Amino acid sequence: MQNKLGRIIILVDDYDKALKFYETNFFCKKIFDSEGPNDQRYLHVGFSDHDSIGIWFLLADNDEQKNKIGKQTAGQPTFVIYTDACEKFYDHIKINEVTIVEELVSTPQSKFFHCLDLYGNRITIVELNS
């Protein structure tokens, strides 16, 4: 049996606003965009054109879901992005005025920082040292 991660799901209040934020700040690319039953949009983004792993933006459509936007993981990281240029990524995020919740840290094993997306989801950016 072979298994792999496909998509994580982020609740959003606006598909296009979420897409623009993730494209601008996290260099995401649209990898799937379609409409399904009940006018549900299936908007998936990834970090390369050929990503099978990515994020599925899901429109919150009731009060319970709307109340969970930005709180799906209760303040813990929602996901981790691995990069080979953490300092450049950090500078890019700061220029775009994305909220940094944990400044850039360097350890013998890695460099990392934590920031928030437009909904308050915590995202960890990590560069592993070779």
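The legends below describe close-up views of one predicted model.

Residues are numbered from 1 along each chain as its sequence is written, and side-chain values use heavy atoms, with hydrogens and water left out. Because the model is predicted, local features need pLDDT of at least 70 and side-chain atom pairs count only at pLDDT 80 or more, whereas totals for chains, interfaces and linings use all residues.

**View 1. Helix α1 against helix α3.** The axes of helix α1 (residues 15–26) and helix α3 (residues 86–95) come within 9 Å and cross at roughly 135°, the axes being lines fitted to C-alpha atoms over the stretch in contact, with angles from 0 to 180 degrees between N-to-C directions. The two helices are therefore oblique to each other, since angles under 35 degrees count as roughly parallel, over 145 as roughly antiparallel, 65 to 115 as roughly perpendicular and the rest as oblique. T24, N25 and F26 of α1 meet F89, H92 and I93 of α3, where contact means heavy atoms within 4.5 Å. Helices are DSSP runs of H or I with at least four residues, strands are runs of E with at least two, and both are numbered from the N terminus.

**View 2. The buried face of helix α3.** C86, F89, Y90 and I93 are the buried residues of α3; buried means under 20% relative accessible area, exposed over 50% and partly exposed in between, with a 1.4 Å probe and protein chains only. Seen down the axis of α3, these buried residues fall within an arc of 100°, so they line one face of the helix, the arc being that of the directions from the helix axis to the C-beta atoms. The face turned away from that buried side carries the exposed residues K88 and I95. Among the elements covering the buried residues of α3 are α1, β5 (77–82) and β7 (110–116).

**View 3. Aromatic pairs.** The structure holds 10 aromatic pairs, in which ring centres of Phe, Tyr or Trp (its six-membered ring) lie within 6.5 Å, planes under 30 degrees apart counting as stacked, over 60 as edge-to-face and the rest as tilted. The rings of F21 and F26 have centres 5.8 Å apart and planes at 70°, so this pair is edge-to-face. Y22 and F79 form a tilted pair, 6.5 Å centre to centre with 35° between the planes; because Y22 lies in helix α1 and F79 in strand β5, the pair ties together parts that are 57 residues apart in sequence.
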